[in-house]
Structure formats: structure tokens, C-alpha cells
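Subject: Structure handover

Hello,

Here is the structure we spoke about, followed by notes on what was found in it. Please keep it open while you read.

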Amino acid sequence: MIPYLLILPGLAWILFFFLVPLLSLVATSLQKRAGTSLSEGFVPALQFSNYTSALGEYFPQFIRAFLYAGIATALALVIAYPIAYYIAFKATKYKYLMLVLVIAPFFASFLLRTNAWKTILSADGFVVETLNALSLLPEDRILNTSVAVIFGLTYNFLPFMILPLYASLDRIDPRLVEAASDLYASPATGFWRVVWPLSMPGVLGGVVLTFIPASGDYINAQLLGSTNDKMIGNVIQAQFIVLRDYPIASALSAMFMFVLLIIIVTYIRRVGTRQLV
Amino acid sequence: MAADLNLQRLTREFGEHTAVDHIDLIVPQGTFFALLGPSGCGKTTTLRMVAGLEEPTSGHIRLGDRDITDLPAYRRPVNTVFQNYALFPHLDVFDNVAFGLKRRKVADVKKKVSEMLELVELGKMADRKPGQLSGGQQQRVAVARALINEPAVLLLDEPLGALDLKLRRQMQIELKRIQIEVGTTFVHVTHDQEEAMSMADTVAVMNLGKIEQMGDPISVYEHPKTAFVANFLGQANLLKGDIVGEENDHLVVDVHGVKFSVPRSEAPVHDGRIVIGVRPEKITVVDPGVTTLPKNQVAATVIDSSFIGVSTQYLVESPWGQPMIAFEQNRDPTDVARPGDPVLLGWEPRHTFGLDPDEDLKAGLQESVPAL
Amino acid sequence: MTWLRKRVLLFVSLLTVAYLMLPLLVIIVLSFNKPKGRQNTAWNEFSLAAWTNICRDQTICDSFWVSVRIGLVVTIVATILGTMISFALIRYRFRGQLVTNSMIFLPIATPEVILGASLLALFLNIYVPLGFWTITIAHILFTISFVVVVVNARLAGLDPRLEQAAMDLYATPFQTFRYVTFPLVLPGVVAAAVLSFSLSFDDFIITNFNSGTTVTFPIYIWGAALRGIPPQVNVIASIMFLGTLAVMALLVAVARNRSKTKVVK
């Protein structure tokens, strides 16, 4: 009886403000216009064509969201793994200091940090001028390209990769690495045969926790990208807040959520909910 | 001998602290060697240097005529049974045991692994994960995983520490059997003196980064050269006295007016101050007035007696107020002295050993045990 | 050469830290800038104007305090509700545990656009006016899960025998909680509270859907980003970042000191 009383208020909150809204979203996605213009409002219906027309119109943004988020997640994994490994195995007495340094930047405004990248990557900035001098930039600029958007996504969601990786690596008994080395595994082989498989829960957790918010993000595309870099988040945001075409916006959201749910359910099946962070 | 393990001036410092202090040691091929000492004495560090998991500050490690000091762990023909085993939790028993063979791309992995699993009696457990095994089974997997590589030296780092007493005794016999069967050099690190003595051909007692004494278990136990060895390896009564004379190869030592004999060959000094010692099981406890006692005798008062089955252990007080201990074989349990009873202790002079007078009599005693 | 090889990982890690810190450096540097035009994106001239007159534009400070107020309500409610759930999940075995776990996990694993959009759909459908309270409701929703995750980590590492020992020593269930469980879980709860506040304070996406005409600090920044963010915003962000860094470093130092004395003993 006690555990149910303990979970009741919190779970009720999630039920009422998460599950009910999701259903309400699905209901809205099937509504049709009351009149000919959007301003006349919507009436309940079962207009499934909202889905086909939404998908037909915004398919590129869908694909782009998953593509950009996918690349950003892969980059985040590559950047996060060495530092997570270092903090877990090598940092010894600087362990917590390093963790603080990794987490602290994310206590400063997300919008300002993204905006700061705008300054760093701007056309007359040091980075672009150097790269241009080496003729490494095909478009002569970084800002307002897909590179900048992916870069921003990678940066902004990096802690979601570092923390689960660190948690998972920190749980590995360092003696296992020694045992591998004792059993003729070179450092590289020891890593691939022992550390990597044992850190898999952290890798999967980090990938899920990075990919999902990155795929739904619209701030990076808005601040760092061009109009050709818009992602599904930008579309949903614009449809809901600017255009107010609620059924189309809801249909897009529902489809997006559906794809992510498949990922989440696969993840829970594979790893469970325990491994998180 | 081709593959003797040879440590030369081996040293490891951690900052200011010297964990292993210029150790010289030869472990002949095929022997069961025990490195015994309290925690923090440097025995595990020594073992890890041999394994290649710790870099020596100075000194050399040789295997036969090969200097392996700078060889990384994964190129050394040496394998380790780790404390708490360090079995790979994501691999089953078969893959754990096959790990080293696969890294060296040895042929016939399957056959070799099943043979090895038979040797450690785990044939049916091949597809279990380590988490599904009992402590004793995990221990065998750890031994099999190391031994299958036919190492020149097998290192065992407190391998039985996690097992309960009964299983530990059983595994000691098992390990000894395996060692004899495969004939590999075993270097066994432990703080359990009974474990070391019951298994090893040679025991080295370590303290503060140095080897205090080394030899076969009987000689080290019977003829300790330092107070630390006397106290750490079993128990000992250590008495401080003066050498006052000599008769037939024996020194006569005066301890607070009581005279004891100690063989001249057992004494490091032959005049002046000396410490003499005797192990408690060498002492016979009788009622005062009994005359058929060995030559070294002292009257005492019983402080406490505890009956522990195979023997009765007495804590007595000598005339000069020093507590002493004596164990009596439990042949006739009705004859137990009570606290307050006056008794006579006696032991043979040949069971007496001598130590340097500057020895700290409390060296090697556990802190938790009241100094006896 | 081996010296270098042994430290490759360290250098890569320090490089990563530098990468993480770079935007912060820009934010702090630009807080001392006297921007040329409206856009404070390029260095012009050193000035303390923004630091000495943070509230020059009253809307900055108003939006700041709106975010603080929301953050405080969110922190209190989410920390209490989340800690309760965590206790149930770690200290009890009950039917529906897996479902509960999944329910907690879902809001974390849902992108903020979806959370914001679906809540907006609900508020629209039941005609709730958007503003302070809809923002607060939304923030509590997505912070509860993070509280559960953080407190779980602390609670799971807590030996249940400590509580049993307390009971054995004549402590009633309430006293056990008050004198043993709660003090031991407190660091986790504090961490969860700090995380809740910062998540709420910094949230833009969900807030943007449910704010109506209420302007929080991130909403203000978003609006200002188009016409130029005044350096005062950088000042506030710098203060918050440096403050967080100082507090966290202090906590680490204290924790390390404590563990040190433990080892010595």
C-alpha cells in the first residue's frame, strides 16, 4: 500500500500532463477545419489525410532531423568516449573536478551558448579565417550551413552522452582490464574485447539520450543553419505557434513520436530502464 | 634451470613510500612458492610487478636468462589468478577460459578448453556466466583461465581470500593437486600463514617491503630469525634475558633470575643481551611438583584457559609478570587447569630459538590482539 | 615519445573540456564588451557598463525573476514528488514497478517539442489560459523524471541494513527516516533539486509552447537574439555559470576532504 501512495501524486502528474496530452495530440491530429480558413477553428473528425499531407509536405525535414541527429550522436560518442574513459579510469583524484568541468557549462543558458557559437563561427572569426586560409571550407563559411547545425547539436547534447558513458565505465572493475592484459590482450584488444562490450549499456543509453533531444531540437537549426537546414522540430514549432494549423502540427508530432517510441521500446527491451544515467 | 623466476634488487616506490625495497629472490622452476605477509607489506606489489601490471622503480625481473622487466603484461609468459578473480562478466565460462588462447591465436581452442574445464571439474558449466557460479566455481574458472595458457609462472593473488573457511581448505588441497599435476611454478601471495605453509614448498615472509626470512615451511616456522616472523607465523613466547654461561653447545640465558638453555647454533649473539623464544605447542603444562619435565622450566599462574577442541590454550603469567601462552594437546580433557591455579611450564632446549636483543618483541602482532 | 603516448588521453580530455568551455568564455568576455551596434557578437571596447547596471532594461530583470519564481515552485514540487517515487521504486517491491519505471523514463526520452506541443494541445482543448501556471505545470512534468533518476542513484547505493540497524536500535519508522535515511539521501535530493532548478530556469522549447504572453528569461533571450542580445544578459549568464562552478567546486572540495579524513582514520 505504501509504495502506491508514494508514487501516486508523481505518476498522476505524468499521467495527466503527459499521457493524456499525447492522446489529445492524436485526437487533434485527426481534426478537420471548421471552415475554409484556419482562423475558423477545428472540429473533431477522423481525417487521416492530415497524416499523408503532412508527410508529403515535410518529408525532407523529417529525414533531415534524423540524419543530423544521427551524425551529431555519432560525433558526440566519438568525442565523449575518451573523456568519459579518462574520468572513470585515469583521473583519480581529479575525477570530480573533471566531472564538474564537464557539467558546469550546461548550467549557463542553452540559447546563449548556441549564440556564442555564432560568434565563434562567424565569417570574420578566427576559426573560419584559419580554415579558409587552408581552403578547407567549400562554402567559405560555416555559419548558415548544415555543418554548423550538426556542430551545434553535437555540442549541446554532449553531456547526455558523457554522463551515461561515464557511469557505465566507472562501474567496470579496472582489474578486468589488467586481467585482459595478463591474458595476452594488447591494450587495443583489451579495450575492444572487455571495456567496449561492458560499456555497452552506457553507449546505448548515451545514444538514446542524445539522439532523441537532438532530433527534436529546433534552436540549433534556427540560430546556426540556413532555411535549407530546417528540421522537423522547426516545422512543428512553426505550425503550432506561428501558423496555428493544429491538426497538421499534431499529425507531424504524432508521427515523430511514433518513430521515437519504436526506438525507446527497443531500448527498454534491450537494456531496461535501470541503466539510465 | 631454464625458467627460474629471478628478482634482482626489485624496488617499487609510490612517492615517499617504498612498497617493495630491493628484493632479491629466486623461485626455482616447478616449485610452489608462497609470499606471505600482512596487508601493505608489498607482497601484492611484488606479484603485480612480476605480472607486468606495475612498473618497477628499479631492479630486474628475469625468467631463466630472459630479462622481462620491460615486457608489457600481454607479452609475458606469466598468468595471474586475480584477487576476487576478475572474471569477465559478459563472457561465459568457456569464453573466459578461451580468452588467452584466442588472443595468441592458438589452434584447437575447443579441445584445450574442455580438457582444462575437466581438470578443474567444471565441464558442465561451460555456458554459464560468471554471475551464475558459486564462489568456489568462480575460483576454479579463474585458475583454469590462467593455467590454460601454460604459463612459465602462475601468479595467485590471495586467490582464496573470498571463500569461507571450509571451502578454502578444500581449494588449498585442490590447488596443490593441480600444481603437482601440471608442474608449473606457482607464486602464491597470501596473508594466511596456514595456507602458505600447507601448500608451499618455499615460504618467504615479507614485511615493510623486504623479505624477512625464506625457506621451507618447517624451518621457517621452527627457526624464526626475527620477532616479526616468530609472531606472524603462528604464535611465540619471546623472553628478554642475558647470556650468563655456556654448557655443551648450549647458552645459558638468565631471564629475571630463571635460567633457560638455548642451542648455541640457534643464537645470533653469544654474549650480552638476547631474546629467546618458544612456540606455545612446545610447552608442557603440569601441576607444580611434577619432576618429569624437559630442561627449560618456569613456574607460572594460570590467567585463562580455553578449551578449543583439539587442544587447550593457556594464558599464564610468569613470575616476572609477563603473559605467556601454551597449547596442550587434548588427550585427556579432564585434566584442565583453572584460572588462578599454579602450574609448571617445561620445554626442550632444542625447541628454543634465539633472536637479536634489539628485536621489537611486538613486531608482527595484529593490532586487534592484545599483546601477549 | 612514451611520455606523450601515455598522456594522449589526458590531452584529448583537456581539449574536450576546452571545447565545452569555449562558448562560456565568449559569453563572459562579451559581458565586458561595449557593442558597436545592437548585436553583441564582436569585440569592440572594454566596458563595465553592463556589470554596473544589470537592470538597465527592466524587462531583462523582470524576465529573470519570472524564471526564478517558476524555478522555485518547480524545484519544490518536482523534488518532493520525484523523491517519493524514488523511495517507492528502490525500497519496495510492488506490482506495476516496470510500468512505473517506463512511465518515468518516457518524459526523459520524449523530445521537448513533443512534450510542449502535446501539452499545448491539451491546454487548448480544455481552454486553460497560458501563462505562469501552464509553464510551471509543464516544467514539473519533465523535471520529475530527472529527480527520480538522480535520487535513485543515491538511494540504490544505500545499504538497507543501515535502516534495519536503526530499527534494531529502537528507532521508530519515522525516527529511522529522520535520523538515518534522510540525512544519507540528502546529497542526492539536493543534487536533484539543483538539477530541477537549472532545467526549469534554462528551458526554452517547452516554455515557448506554453507561455502565452509570460516572458521568462530564455524567452527574453530568444526574442532579443533577433534584434541583438544586450551584454546585461551575458552578465547574468556569467554570474550564474561562475556561481554554479564555485558551488560545485566547493562541494567537491568538501566531499574530498571528508573522504580524506575517513581514509586517514
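Please bear in mind throughout that this is a predicted model.

Chain C

Chain C is built from eleven helices and has zero strands. Along the sequence its pattern reads α-α-α-α-α-α-α-α-α-α-α. The C-alpha trace of chain C spans about 70 × 65 × 35 Å along its principal axes. Chain C has 265 residues, and 50% of them count as buried. If you take the contacts in chain C between residues at least 6 apart in sequence, 72% of these join residues at least 24 apart.

The size of an interface is often given as the accessible area lost when the parts come together. For chain A and chain C, about 7,400 Å² is buried between the two. Carbon and sulfur atoms account for 82% of that area. On the chain A side, the residues that lose the most area to chain C are Trp13(A), Phe107(A) and Leu112(A), which together make up 10% of what that side buries. In residue terms, 84 residues from chain A and 77 residues from chain C take part in the contact.

Cavities

Rolling a probe the size of a water molecule over the atoms shows where empty space is left. Across the whole structure, the search turned up three cavities of 30 Å³ or more. Two of them are described here.

The largest cavity holds about 100 Å³ of space. From chain A its lining takes Leu112(A), Asn115(A), Ala116(A) and Thr119(A). From chain C the lining takes Val26(C), Ile27(C), Leu30(C), Gln39(C), Asn40(C), Thr41(C), Ile229(C) and Asn234(C). Two elements each supply at least two residues of this lining: helix H4 (110–120) of chain A and helix H1 (2–31) of chain C. The biggest share comes from H4(A), which gives four residues. Sorted by class, the lining of the largest cavity has six nonpolar and six polar residues, and no charged ones.

By class, the lining of the second largest cavity has seven nonpolar residues, one polar and one charged.

Two single residues

Is His188(B) buried or exposed? His188(B) counts as buried, because its relative accessibility is 1% and the cut-off for buried is under 20%. This residue lies in strand S8 of chain B, which covers residues 185–190. Leaving aside residues up to four places away in sequence, His188(B) touches Phe32(B), Phe33(B), Ala34(B), Leu35(B), Leu156(B), Pro159(B), Leu175(B), Glu195(B) and Met199(B).

Glu57(A) counts as exposed, because its relative accessibility is 53% and exposed means over 50%. Glu57(A) lies in helix H2 of chain A, residues 49–90. The side chains of Glu57(A) and Tyr58(A) are joined by a polar contact of 3.4 Å.

Regards

Terms used: Residues are numbered from 1 along each chain as its sequence is written. Chains are lettered from A and ligands numbered from 1 in the order in which they are written. This is a predicted model: local features need pLDDT of at least 70, side-chain atom pairs count only at pLDDT 80 or more; totals for chains, interfaces and linings use all residues. Side-chain values use heavy atoms; hydrogens and water are left out. Buried means under 20% relative accessible area, exposed over 50%, partly exposed in between (1.4 Å probe, protein chains only). Contact means heavy atoms within 4.5 Å. On a 1 Å grid over the protein atoms alone, a cavity is a set of points where a 1.4 Å probe fits but cannot get out, and a pocket is an open set with protein on both sides within 12 Å along at least five of seven lines; lining residues have an atom within 4 Å of a point. Grid points are joined across faces, edges and corners, and a volume is the space filled by probe spheres set on the points. Ala, Val, Leu, Ile, Met, Phe, Trp, Tyr, Cys and Pro count as nonpolar, Asp, Glu, Lys and Arg as charged, and the others, Gly among them, as polar. A polar contact is a pair of N or O atoms within 3.5 Å; within protein, one must be able to donate a hydrogen and the other to accept it, and residues adjacent in sequence count only if both atoms are side-chain atoms. Buried area is the accessible area (1.4 Å probe) that two parts lose on being put together, summed over both.
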